[in-house]
Amino acid sequence: MDEQKSYYVIDPEGKLTCHKCGVPLVKANAVFGYLDNAFPVELPVCPKCGFVYVPEDLALGKVLSVEKVLEDK
Amino acid sequence: MDFTERSTRAYRTKMLYTKEELAARESLCVHEQPAFCTAACPLRLDARELTRLTAEGDFSAARAMLERAAPFARILAAGCEHPCTEKCRLNEVPGCEGVNIPALERATMRHGQKRTGRGLLRFKKKKTAAVFGAELFTLVVAAELAGKSYPTAFYVAEPDAEGLLSRCAPFLGEEDFSAALDELKSLDIAVSYGCELTREFIAAEREKYDLAAVSRECLAALDAWEPDGVTLYCEGARVLARPRDGEGVLRAFYDARRAGVSADRLAQGMSPANSRGEEGAMESRLYTDLSAVKPSQSVQENGAYTPEEAQTEAQRCIQCECVECIKGCAWMQHYGKFPRVLTREIYNNVGIIMGDHMFNGAINSCALCKQCTVTCPNGYDMAEICLSARRNMVATGKMSLAVHEFALYDQLFSNGEAFLARAQPGFESCEYVFFPGCQAGADAPEAVWRCYADLRARLGGGVGIILGCCGIMSHWAGREELYEETRAQLAAALEAMGRPKIITACPTCAGALSGLGECVGVWDVLLSLGLPEGAPSACGAVTLHDACGARGDGHTQRAVRELAARLGCEVTEPEYSGDRAPCCGYGGLAGYAKPEVAKEMTELALRGASGVQLTYCMGCRDRYARAGAESVHILELVYGAGAGSPPGISEKRRNRLELRRRLLRELWGEDEMQKPLDFRLDITDEARALMEERMILDTDVLSVMRHYRESGEAVLENDTGLLVTRHRIGNVTFWCKFTEDESGYTVVRAYSHRMTIETR
Ligand code: SF4
Ligand code: SF4
Ligand code: SF4
Ligand SMILES: [Zn+2]
């Protein structure tokens, strides 16, 4: 898989705060995994505790459609 | 039992069927068999299509069909002995006549436009051909050979083209004669008129060509042996000729076509018997439903049909085809294909090792209802094929868990947390056990409660109860291991009660439980006991829907009708009822795999329905109500316990748990104290609607919020002030958006995904 390619990019700048740590979420690399496949993405992550936020539109959009494709592999 | 996700990197396949097994299934479907008229034609002219085009008034397209089928189509149309008309199925309807296909052909030749443009320029073949003597067969052979691009010479005794044509086709009328004459002149044949066709002449000329065909007369002059009955080839004389029995116009065309095939083989230095394929007329195995056909007579042909007359005659054709299965099955309608093709696609889909399995959705959305097995005149069993494919996919790790996970966990829930199996208080062993089924407990717990009380009161010998799922979900999902596990659990429960007779309230349960004990429908019990006190006696008009689980079970179908009659129901039946009833969309877990297909099943089952829809399966009751119909299970009627609008997925689970607790408390004095939540948890209506659509349970949301209380992990949306948190349960990550105050939480949205997520 192309490591450079990112399947989703979101800029959390000033929109999201980690409720536990009280710090703003930052853009960071993450990997979605399903049925032994991996997809690099950029997601809002807490720089302190590492909480990764998956927004609803991503979960029901891109993530769901990729899930469906893989389910028929 | 837990379910783990599969890997798409494990490459395994298992053959679904052997070649023979596949062929045995496919050959049952006669949808692609030719129409009876077509099969009767040795030229295999698609008369059904020709008739369809004529009925639409497209004479030119119909004419083109005819001209593709044979040269000198005018002569064919004028003289054909038309076995097609005799074989037309309309003849079998009393007072009805077969379609006059040759008359349509004549009209077609007259009213259709001739195709213009000769198509591609074709190169002449190297091998040459000669034809000797005038008869219809040789005339058509010459045209066939020229059409195949052999440089063709034609030696005849007649002085000119007119003489040749009147010799070959003396039956032609004036218009046909001149049209045929034009065609003859336009053909690329070198005709030598006025030849003296003696033995010496023919023998000497023949040697100048690679291929030769002769008339019967010339054959006699050559003193040759009779030609072979199939290839029409005379070995000794090395000529093609029609056999002695080959009389008639149609036969001349058919023989000419066969001679043309032989000529091609000979030109390639092969035996003319080589790979000829199927030739000639055949018996069609097609099935056509004639029940709706009204008798009609052929339009009289006075000279020739006008375009209007031809259309009227052609419109009498019913376009014979077998559509028995697809008429009643929304699944087939959705995929737009017939069982033979569907079977092949399923077979191929299962055989794919790597790559996209485009047909998984179809395999998983058949209701497994076996309606097709009844509606098909040959008993085609799509359900067996789809279920075998599912089992195969499970066995090879190709079945995605996502498709059936919710249903499978629902079964585990019914037979775990919500399971109850007890003998009636005061009885060691019981004569009977009531098995209402998981859906009854979920949708209509009050009716189940009252029914059980009634059975205890009026049946002697003890009536135990089992609240649980019969296991059909795992069976439908192709997960036989879980199915067997469930059967063992139920068998043990029955054993502990002293092997009672099982009273079922669902035909599907009855089917699944057969083999574990003697089953009797609750309707049978109520018929022999009589209706309970207070049961209604004037329910009025209802539409009765047979359950697909009761297919082939005439006894149950009759018992329910009898019970409905006693309740004062005036029953009407949908078009497809009894053994032919469709599935409501609940069967085969279709609703979990492909909600949109299941919805079409529900709509088809409800087509034209109004008023009260009476069912005897809770699955049907639930789906019809969800589709907006007023539906009721017969037990709700008997016990006056209408369950109203159907509960959501979480409420169904709560209903089952609550029914269990109520029974334990009131019959066995066991109070299972429910620990109240130590915090407030509200779910808004909007969140609830989303959860229903996204198959998220209240208990999932509860787990997420509990996890939040422990971990404190959440994200704050600065602009909305909402918090978002998540928790992974099994193979799914659930997310909740919520507000928080000192008393607890209000969840405003919920969603989920199956993917895992890691930071790098
Ligand atoms: S009913 Fe369906 S499966 Fe049966 S022969 Fe006709 S088209 Fe084929
Ligand atoms: S009804 Fe039409 S399709 Fe059927 S046999 Fe007759 S002509 Fe052929
Ligand atoms: S849904 Fe029922 S009728 Fe349709 S193919 Fe499946 S088993 Fe046959
Ligand atoms: Zn943090």
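This is a predicted model: local features need pLDDT of at least 70, side-chain atom pairs count only at pLDDT 80 or more; totals for chains, interfaces and linings use all residues.

Biologist: OK, and what are the protein donors of the zinc ion (ligand 4)?

Modeller: C18(A), C21(A), C46(A) and C49(A), each through its SG atom, at 2.2 to 2.3 Å from the zinc ion. Along the chain these donors follow the spacing C-x2-C-x24-C-x2-C.

Biologist: Which parts of chain A does the pair C18(A) and C46(A) tie together?

Modeller: C18(A) lies in strand β1 (residues 16-18) and C46(A) in the loop between β3 (37-45) and α1 (56-71), so the pair links parts that are 28 residues apart in sequence. C46(A) counts as buried too, because its relative accessibility is 1% and the cut-off for buried is under 20%.

Biologist: What's the geometry at the zinc ion (ligand 4)?

Modeller: Tetrahedral, with angles of 107 to 115° among the 4 donor atoms. For reference, the ideal angle for four tetrahedral donors is 109.5 degrees.

Biologist: Switching to chain B. Which residues surround ligand 2?

Modeller: A35(B), C37(B), R48(B), C88(B), R89(B), V99(B), I101(B), C317(B), I318(B) and C320(B). By class that shell has 8 nonpolar, no polar and 2 charged residues.

Biologist: And how does the shell around ligand 1 divide by class?

Modeller: Into 10 nonpolar, 1 polar and 1 charged. Among the residues there are C29(B), H31(B), C322(B), E324(B), C325(B), C376(B) and Y380(B).

Biologist: What about L589(B), buried or exposed?

Modeller: Buried, at 0% relative accessibility. L589(B) also has a positive phi, near 60°, and is found in the loop between β13 (569-572) and α29 (590-593) of chain B.

Biologist: Last one: where does R621(B) lie?

Modeller: In helix α31 (residues 618-626) of chain B.

Biologist: Why does R621(B) count as buried?

Modeller: Because its relative accessibility is 2%, and buried means under 20%.

Biologist: So what is R621(B) in contact with?

Modeller: Leaving aside neighbours within four places in sequence, R621(B) is in contact with T615(B), S631(B), V632(B), H633(B), E636(B), A643(B) and G644(B).

Note on methods: Residues are numbered from 1 along each chain as its sequence is written. Chains are lettered from A and ligands numbered from 1 in the order in which they are written. Side-chain values use heavy atoms; hydrogens and water are left out. A residue is near a molecule or strand if one of its heavy atoms lies within 4 Å of it. Ala, Val, Leu, Ile, Met, Phe, Trp, Tyr, Cys and Pro count as nonpolar, Asp, Glu, Lys and Arg as charged, and the others, Gly among them, as polar. Helices (H or I, at least four residues) and strands (E, at least two) are DSSP runs, numbered from the N terminus. Buried means under 20% relative accessible area, exposed over 50%, partly exposed in between (1.4 Å probe, protein chains only). Contact means heavy atoms within 4.5 Å. Donors are N, O and S atoms within 2.8 Å of the metal (3.2 Å for Na, K and Ca); water is not among the atoms, so sites may look incomplete. Four donors count as tetrahedral if all angles lie between 85 and 135 degrees; four count as square planar and six as octahedral if opposite donors are over 155 degrees apart and all others between 65 and 115; anything else is irregular.
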